Structures are given as structure tokens and as C-alpha cells.
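Hello,

Here is the structure I promised to pass on to you. Please have a look at it first, and then read on for what turned up.

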Amino acid sequence: MSLIVTPGQRADCTQFTRVLERIRVPRIGPGRPRKKPDILAADKAYSNGPCREYPRRRGIRHTIPEKTDSQAARLRKGARGGRPPGFDEERHKKRNTVGRAVNRLKHARAVATRYDKRGYVFLGTATTAALVIWLRA
């Protein structure tokens with residue numbers, strides 16, 4: 001769907017909006033590709049305010065679990081803490097397919113070790129590995 005290469009020390013959540021903005025789902029038949037996913041499932045690393053606000057603003061249904069420290073802070077505030085964010089546990093269980101796909105990408109030695117020094121070369125390597133996985137499926 002969308003792939004962005006960043007330095008290894010950069011947090012994933014900083015690229016959240018860039019990844020979602022680059023999604024293009026081709027339509028069957030004529031028409032422009034769809035830019036908005038139906039559903040978004042993410043892990044606890046994306047449970048901060050901006051990562052929750054962006055899909056809400058675009059009308060994307062999302063399932064993001066709440067961090068335990070955020071939950072404790074919200075509960076400590078009592079009524080001022082607000083209500084808990086919506087969370088669909090059944091939908092979140094299906095998120096493991098993404099984790100398995102990333103693990104299959106890492107089976108490609110060049111992707112797992114990132115020997116490529118240039119970002120555009122690594123992006124090509126990761127894209128090629130993803131295409132090989134897709135063609136074998």
C-alpha cells in the first residue's frame with residue numbers, strides 16, 4: 001500500500017501521516033485510485049493524540065489500543081480524564097497479518113540487514129522483496 005524509508009533511529013509514529021497520505025488503492029475499472037482506507041489498525045506505538053486525531057479528521061475508522069500508562073493517567077483524572085477511546089478487540093486481532101508480512105519481508109537478507117547505504121536503493125530492495133512475496137502468494 002505505502003512504504004517510506006527513514007533513518008533507523010527515527011520513531012515510526014513521526015511518519016504516520018506521511019504513510020497514510022501516500023496510500024493509493026486502485027479501483028477495478030475506470031476511476032481515480034481511492035486515497036482513504038476503510039479501516040486502520042495500529043499498535044500501541046501510535047496511541048498518541050496526533051495519530052488518533054488524523055484518522056478521525058479524515059473519517060477513517062481506526063483501532064488503536066491505549067497504552068497502559070495513558071490509561072492510568074486518564075483514570076487518575078477521574079471525570080476530567082474523558083472517556084476511553086473506542087477499541088474493537090476482534091478487529092485488532094486481525095492486525096497480526098501485517099506483522100507476519102513484515103517478518104516475511106525480513107526473510108530477504110538485504111532487507112533485514114539493510115546493507116544499502118542510500119535510501120532510494122533500499123526502497124527498491126524492499127519493493128522488490130514485497131513484489132516477490134506478492135507474486136509467490
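A word on exposure to begin with: a residue is called buried under 20% relative accessible area, exposed over 50%, and partly exposed in between, using a 1.4 Å probe and protein chains only. By that scale Asp38 is exposed, at 52%.

Please keep in mind that this is a predicted model, in which local features need pLDDT of at least 70 and side-chain atom pairs count only at pLDDT 80 or more, while totals for chains, interfaces and linings use all residues. Residues are numbered from 1 along each chain as its sequence is written, and side-chain values use heavy atoms, with hydrogens and water left out.

How confident is the prediction? The pLDDT, which is the predictor's confidence in each residue from 0 to 100, averages 86 over the protein chain, and 100% of the residues score at least 70. Helices (H or I, at least four residues) and strands (E, at least two) are DSSP runs, numbered from the N terminus. Confidence is highest in helix α2 (residues 49-58), with a mean of 91, and lowest in helix α6 (residues 109-113), with a mean of 81.

Next, the salt bridges, each being a side-chain nitrogen of Lys or Arg within 4 Å of a carboxyl oxygen of Asp or Glu. The structure has five of them. In one, Asp38 pairs with Arg34, with 3.1 Å between the closest N and O atoms; Arg34 is partly exposed, at 27%. Another links Arg91 to Asp88 at 3.6 Å, N to O, and Asp88 is partly exposed, at 31%. Lys93 and Glu90 form a further one, their closest N and O atoms lying 3.3 Å apart. These two residues sit three apart in helix α4 (residues 89-93), so about one helical turn separates them. Lys93 is partly exposed, at 48%, and so is Glu90, at 49%.

Finally, the largest pocket has a volume of about 2200 Å³. A pocket here is an open set of points on a 1 Å grid over the protein atoms alone, where a 1.4 Å probe fits, with protein on both sides within 12 Å along at least five of seven lines; lining residues have an atom within 4 Å of a point. The volume is the space filled by probe spheres set on the points. Of the 46 lining residues, Ser2, Leu3, Val19, Val98 and Val102 are the closest to the centre. Elements giving two or more residues to the lining include α1 (16-21), α5 (96-106) and α7 (119-136).

Best wishes
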